[in-house]
Amino acid sequence: MSILNIIKRLFGQEKSSPAQSSTPQPIEPTQASTPVEEVKDSIQTAMNEVTDNIIEAAEPNPTPNTNHEDYSMHHVIIGSGPAGVVAAESIRKLDPKAMITLIGDEPEPPYSRMAIPYFLEENITEEGSHLRKTDNHYDNKNINVVRDRVSSINPDDKTVTLESNDSLLNWDKLLIATGSHPISPPIPGLDNPKVSNCWTLEDSRKIVEGVKPGSVVVQIGAGFIGCIILESLVKRGAALTVVEMGDRMVPRMLDQQCGTMLKTWCENKGVTVLTSSQVNSIEDKGKRLLVSVSNGEPIEADFVISATGVRSNTAFLEGSGIKVDEGILVNRHLETNVPDIFAAGDVAQGLDFSTGEYTVQAIQPTASDHGLISSKNMVNPGSAIHQGAVLMNVLATLGLISVSYGLWEGVEGGESAELVDTDNFRYIRLQFDGDKIVGANTLGITQNIGAIRGLIQSKTALGVWKERLMENPLNFMDAYVGVTGGHT
Amino acid sequence: MQKSLYLDADKCTGCKQCELACSFERDGSFNPIKSSIQIFTFHEAGRFVPYTCTQCDDAWCMTACPVDAITINTATGAKEVNEATCVGCKVCTIACPFGTINYNTDTGKVTKCDLCGGDPQCVTACPTDAITYVEADATGFSRMKEWAAKTDNAQSAA
Ligand SMILES: Cc1cc2nc3c(=O)[nH]c(=O)nc-3n(C[C@H](O)[C@H](O)[C@H](O)COP(=O)(O)OP(=O)(O)OC[C@H]3O[C@@H](n4cnc5c(N)ncnc54)[C@H](O)[C@@H]3O)c2cc1C
Ligand code: SF4
């Protein structure tokens, strides 16, 4: 059967869920063709069994309480994003007697950057972005939340220096979870007050202030974060031009086909997308800004948003002896080269499941994984070994959902299976290494999508399903149920 | 003792009553696409496999959620989505290695099996007892859970 016929058959069906529709070809038994291997000591992830869900986080304590006589250890965590918060809660669960201090330099209660787009759309209030919703959540867990900035780490005397009053705070175990910051490309005029990053709640308030219905907005960068906020800007009523250096949208997450389809989609929705292009300068013209671009007419804009990528927050580590490359170098226990100091989240250069290399992934699921694993090792040294994080992204751009997993660009000597339906903006490409799935890109496909992660991370040998998926990659969920045998 | 769904593919005739009952309970419509339980059809073998969320202990969806929108119902043990809190970011859908939490484009939120608060409608609808709601120990879920453990990013040092 030709690919075209398959596409017609598959995409002709119910639009919103091709993957769950009945299978197009007759297929064989479903008994596990790959027996489920014995799994060594499966770790039950020490997750927070929070059952309460009322709004508002605790007011931070002004100073950490270090007077407890009866604590087992003092765990200090720098950074109160998802990595830091997950770690703090997990430490509490593993050691009820530990003293836990969570230091963050942002003014808000611990929140999730991921919720920012929904705040910009005015779908949620600021509170909706808070990582935990229970009144006194941190108090109840006896976690000291301190608002301050750590200016240096002093491993010799096991202290950190707090910026506000230069005081020293002792620790027994230290976790660095300081996240990352947006990079500033060297563009003249980028420091104009009508230019903003989109990284913090503070940035978001500035954008809410500056982007009103009818505002002309230039966004520098169509990467992952850029594409996520693009939708919010359009929903705020902005007339938007996106300027991207790469030759397609989200070049570091989507392949050529996928990134190009996404560009067309955005253009159809009235967004101007300039790829292989660059902002040269931003000039203040009084009421408006004049934005000159490398290919095209200068744009008179009301507001500019810079979203060109992020870098790990490691500057304050200078002189500490902690080794830094792209991010903080950690081993498979998420421990740094300095004993008793760990790192997690966007700041850590951790193991990538697919490549076996150590990289900064800068995504939320990896931050929470790191938080969990590092905390286990802080409480019980050597108790948890990181298996590596699978790179995964899901992105909604003006309603079109794209996904990338693992080695979405494929591997040398590997095969790939692809279905393209440009008219309906649907796309799937599975990447194989032998008879295992190692990566994927999808567009417009959401049903059962997580099964692809399952297949990648379990390194399941697909057996007969390999050929079937080569012919029709949309059958990934059938393959999944087929090889795992379902529940029975 | 908490109860679990027990799905017995050998008894399933593929009538899909469960999908209809589930979508009606969740969405008010008889629309299999809105169902949280799915029947997979393997034509040549004449085999039908019912499939839904295992309410796994690790609950990747719950850990991945950036805004605490997925919580445990202490009575049933089900991991439930709080629609008012969910921002619709879909991170849970790519994190769940079973593919059993899905985005609903109509609501802009995600949906998953919540055991209907302890009275699963798929069980009531199933005419052949292929889906039953039984003491958790009796189910075949332990194998699923083992498989799930393979997907864990941490492994304990033996
Ligand atoms: C708009 C937006 C949308 C996003 N969407 C997604 C998405 O859809 N999917 C996804 O996977 N990821 C997304 N991300 C990325 C995700 O938010 C990050 O990967 C995640 O926040 C990393 O968590 P973290 O805990 O490592 O760091 P952070 O959340 O950055 O938290 C670190 C905290 O430490 C503080 N800090 C830094 N230095 C110090 C110091 N010296 N002393 C005290 N405190 C300090 C910081 O101010 C910050 O509060 C998005 C990000 C943004 C901005
Ligand atoms: S889609 Fe909703 S439930 Fe899922 S991770 Fe995002 S906010 Fe949480």
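Student: How many helices and strands does chain B have?
Tutor: This is a predicted model, in which local features need pLDDT of at least 70, side-chain atom pairs count only at pLDDT 80 or more, and totals for chains, interfaces and linings use all residues. Residues are numbered from 1 along each chain as its sequence is written, chains are lettered from A and ligands numbered from 1 in the order in which they are written, and side-chain values use heavy atoms, with hydrogens and water left out. Helices (H or I, at least four residues) and strands (E, at least two) are DSSP runs, numbered from the N terminus. Along the sequence of chain B the pattern reads β-α-β-β-α-β-β-α-β-β-α-β-α-β, and the count is 5 helices and 9 strands.

Student: What share of the residues of chain B count as buried?
Tutor: Buried means under 20% relative accessible area, exposed over 50%, and partly exposed in between (1.4 Å probe, protein chains only). Chain B has 158 residues, and the buried share is 61%.

Student: What share of the contacts in chain A between residues at least 6 apart in sequence join residues at least 24 apart?
Tutor: A contact means heavy atoms within 4.5 Å. In chain B, residues 24 or more positions apart account for 57% of the contacts with a separation of 6 or more. For chain A, the share joining residues at least 24 apart is 66%.

Student: Which domains does the assignment give for chain A?
Tutor: Chain A has 11 helices and 27 strands, and 58% of its 488 residues count as buried. The domain bounds come from an automatic or database domain assignment. That assignment gives domain 1 (74-181 + 311-379), domain 2 (195-308) and domain 3 (399-485).

Student: How far from an oxygen atom of ligand 1 does a polar side-chain atom of A:D105 lie?
Tutor: A polar contact is a pair of N or O atoms within 3.5 Å; within protein, one must be able to donate a hydrogen and the other to accept it, and residues adjacent in sequence count only if both atoms are side-chain atoms. Backbone N or O atoms lie 3.3 Å from a ligand 1 oxygen at A:P82 and 2.9 Å at A:A83. For the side chain of A:D105 the value is 2.5 Å.

Student: Is A:K376 buried or exposed?
Tutor: A:K376 lies in helix α8 of chain A. Its relative accessibility is 6%, so A:K376 counts as buried.

Student: How many nonpolar residues does the shell around ligand 2 have?
Tutor: Ala, Val, Leu, Ile, Met, Phe, Trp, Tyr, Cys and Pro count as nonpolar, Asp, Glu, Lys and Arg as charged, and the others, Gly among them, as polar. The residues around ligand 2 include B:C65, B:C86, B:C89 and B:C92. Besides 1 polar and 1 charged residue, the number of nonpolar residues is 10.

Technical notes. Near = heavy atom within 4 Å.
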